[in-house]
Amino acid sequence: MKQVGGDRVAVRTFVGPNGDAHVYEPTPGDTKTLAASAILVVNGLGLEGWMSRLEKSSGFKGTVVTASNGIQSRQMEEEEHGKTRKITDPHAWQSLANGRIYVQNIRDALIAADPAGKDAYAANASKYLAQIDDVEKLVKDQIAKLAPERRKIITTHDAFGYFGATYGMEFIAPQGVSTESEASARDVAKIIRQIKAEKIPAVFLENVTDHRLLDQIARETGAKIGGTLYSDALSEPNGPAATYLDMFRNNIRAFSAALSS
Ligand SMILES: [Zn+2]
């Protein structure tokens with residue numbers, strides 16, 4: 001938003017560095033912030049279940065922009081209490097190809113809301129889209145260097161499905177696509193067997209999830225901990241993933257370091 005809006009917009013974020021957008025609890029300050037805003041950008045795809053309550057309590061009258069509009073969503077099946085349910089994977093931003101669509105949606109929304117800024121928004125967006133192209137090239141180049149049988153990664157929750165589908169890596173997660181539900185003992189046992197059988201080299205921690213589960217899996221399988229991935233939230237401004245593109249740079253560096261043979 002800041003990349004496209006530049007100096008013409010003031011951006012406020014509800015879920016800050018290392019926050020968990022799946023289970024965020026809005027504060028009274030958020031209600032005031034939203035009430036005073038003209039545009040609300042959401043990810044959509046069911047990520048922010050708490051947002052409709054916040055919208056209602058704030059009396060928000062502005063424009064809601066769903067950044068993921070137009071992407072092709074991934075449908076997953078998850079087992080819960082013995083029942084299989086269909087669920088949409090909300091983590092579309094983890095594919096830079098989708099990131100381009102997010103940027104275009106934000107650009108178009110800003111132009112609609114502030115036509116006088118059209119040239120600035122268009123120029124900012126195309127500059128940023130070019131940066132996305134560069135980082136995407138880096139990601140593809142780095143993955144191409146990895147042996148195909150080593151392109152397998154364990155993460156805590158299933159946040160990298162779009163990344164894997166777009167760039168050709170396999171991600172396995174005990175926790176499913178939301179951080180709301182906990183992994184069952186059966187899920188964990190299954191993953192431990194899978195890591196051993198497929199000789200998966202590394203498990204990765206995430207900035208938004210509890211480390212204990214993966215520590216246990218690493219202990220029981222001998223897989224190494226491959227570092228911290230930024231999945232759903234950025235790092236602090238002085239951290240390794242302070243921006244959307246730095247998140248990709250950090251994650252691909254971690255994959256390369258852990259999976260190079
Ligand atoms: Zn997530």
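**Figure 1. Burial of Asp 89 in the predicted model.** Asp 89 has a relative accessible area of 0% and is therefore classed as buried, the cut-off being under 20%. The model shown here and in the following views is predicted. Asp 89 belongs to strand β4, which spans residues 83-89.

**Figure 2. Surroundings of the Asp 89 side chain.** A polar contact of 2.7 Å links the side chain of Asp 89 to the side chain of His 91. When residues up to four places away in sequence are set aside, Asp 89 touches Leu 45, Arg 74, Met 76, Asp 158, Gly 161, Tyr 162 and Val 177.

**Figure 3. The open sheet formed by β6, β5, β7 and β8.** The four strands are arranged in the order β6-β5-β7-β8, with parallel pairing. Strands β6 (170-172) and β8 (224-229) are the edges of the sheet, each pairing on one side only. On average, neighbouring strands of this sheet are turned by 35° against each other, direction ignored.

**Figure 4. Pairing of β5 with β7.** Strand β5 (residues 152-155) and strand β7 (residues 202-206) run parallel and are joined by three bridges. Within this region, Thr 155 stands opposite Phe 204 of β7.

**Figure 5. Helices α7 and α9 against the sheet.** Helix α7, comprising residues 185-198, lies across β5, β6 and β7 and runs at about 145° to β6. Helix α9, comprising residues 244-259, packs on the sheet and touches β5, β6, β7 and β8. The direction of helix α9 makes about 170° with that of β8.

Methods: Residues are numbered from 1 along each chain as its sequence is written. This is a predicted model: local features need pLDDT of at least 70, side-chain atom pairs count only at pLDDT 80 or more; totals for chains, interfaces and linings use all residues. Side-chain values use heavy atoms; hydrogens and water are left out. Two strands pair if DSSP finds at least two bridges between them. Helices (H or I, at least four residues) and strands (E, at least two) are DSSP runs, numbered from the N terminus. Axes are lines fitted to C-alpha atoms, for helices over the stretch in contact, and angles run from 0 to 180 degrees between N-to-C directions. Contact means heavy atoms within 4.5 Å. Buried means under 20% relative accessible area, exposed over 50%, partly exposed in between (1.4 Å probe, protein chains only). A polar contact is a pair of N or O atoms within 3.5 Å; within protein, one must be able to donate a hydrogen and the other to accept it, and residues adjacent in sequence count only if both atoms are side-chain atoms.
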